[in-house]
Amino acid sequence: MKKIALIAMAAIGMMCNAATIKVENPLDFERAGELAEVPLKNVKSQVKGDFVILDSNNKEVPYQITYDDLVVFPVTVGAKSSVVYTLKSGKPAPVKPVVHGRLFPEHKDNFSWENNRACFTAYGPALQDNGERGFGYDMWTKSVTDSLVLELRYKASVDPDKKKRQSLHKDYGNGGDPYIVANTLGGGTAALLDSKGDIIFPWCWKEQEVLQDGPLRFTVRLTYRPVTIEGEEGVVESRLITCDANSCLNRTEVSYKGLKEPRRVANGIVVHQQNPYAYSFDTAKQYIAYTDSTDNTKNGNGVIYIGAVVPEPVETICYKPVAEPARDALGHILTVSEYVPGKDYVYYWGSVWEKNPYAPANPSEWDLYLARYSDCLKNPLKVTVKK
């Protein structure tokens, strides 16, 4: 009897050290692969020690504990429905990284990162010190979704054997860098506007700090050199960029320390002469989109779908021609908002190559993706943890 009682008590203890996570989708379309978020303290209030998350088929779900104490994990939730996961004690299995990024000093201080949709680059101090003007984000294409490619590409680009060396700008089977940035905002960079409404182009970042490097979420903080903006000295820009698995867009928080008065801020996508009218926008959903034909339309590079979504109030969306020659750039499609000193300007930007398996079939489908992304920002998944 005593042995039976001990077994029963152990079973009750295991049951008490388990809970459920309910994820609800209020929208009328499926949300597949989106990362659900739950505060770590909510999980720890239900289970002690190591824990696992199981789906309805009792299959383990990968998760990450973020630097800011969140538990994030991918979910698929149907339209206007919910799913329930089991949370219980246990040692989680290793998670294959889906995101990665770091400084690549071997290539002029590029800071590059990737997920299973695309790769991105922000230019660093070595480029600026060399006198080159590369202001905006660079969009790198990626056609594989089951592996990371940046380390392989950079290593191959500096191979000691010159016969084996591979150009970063050529596709060797997983994508490349066929996008032109030059002295533009590239694929979604934010910038302040001066009193005349002209873009104050940011130079390259000065310092970088990786806050988390996957396996499901990547975050880096980029800090820029002090600048003088129309008489205001010592203005320092900071960007907190987060890239999630399964998303085409990066979340970015921008702040300007030392700025005393409110100013207008814009995020923009450069429009190239190869496809001058391929931009679109939606003032209600607050997104801008562009279909870029890459740097060589005859090279079989296809197109890159680029977009940005702004959840904050937007004053206007407009097209602005370039003020000075910028290789083949004609202008920018911009969203313009007010920046208030002491606060963050939050927006989302990114891209996907048409040769990626998850790419839209055409520009209209890309517009739909951005419109739904906007809806998701306004209607986040509801996540509840309970016994």
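Strands here are DSSP E runs of at least two residues, numbered from the N terminus. Keep in mind that this is a predicted model, where local features need pLDDT of at least 70, side-chain atom pairs count only at pLDDT 80 or more, and totals for chains, interfaces and linings use all residues. Residues are numbered from 1 along each chain as its sequence is written, and side-chain values use heavy atoms, with hydrogens and water left out.

Strand 5 and strand 6 (residues 70-77) run antiparallel and are joined by two bridges; two strands count as paired if DSSP finds at least two bridges between them. The pair belongs to an open sheet of three strands, ordered 2-6-5 with antiparallel pairing. Its edges are strand 2 (31-39) and strand 5 (64-65), each of which pairs on one side only.

Next, hop along to strand 24 (residues 345-353). Nine of its nine residues are buried, so strand 24 is largely enclosed by the rest of the structure. Buried here means under 20% relative accessible area, with a 1.4 Å probe and protein chains only. Both faces are covered: one side has Tyr345, Tyr347, Trp349, Ser351 and Trp353, the other has Val346, Tyr348, Gly350 and Val352, all of them buried.

And which strands pair with strand 24? Strand 17 (residues 249-257) runs antiparallel to strand 24, with six bridges joining them, and Arg251 stands opposite Tyr348 there. Strand 21 (residues 304-309) is also antiparallel to strand 24 and joined by six bridges, with Gly307 standing opposite Gly350.

Methods: Helix = DSSP H or I, 4+ residues; strand = E, 2+ residues; numbered from the N terminus. Buried < 20%, exposed > 50% of the residue type's maximum accessible area, 1.4 Å probe, protein only.
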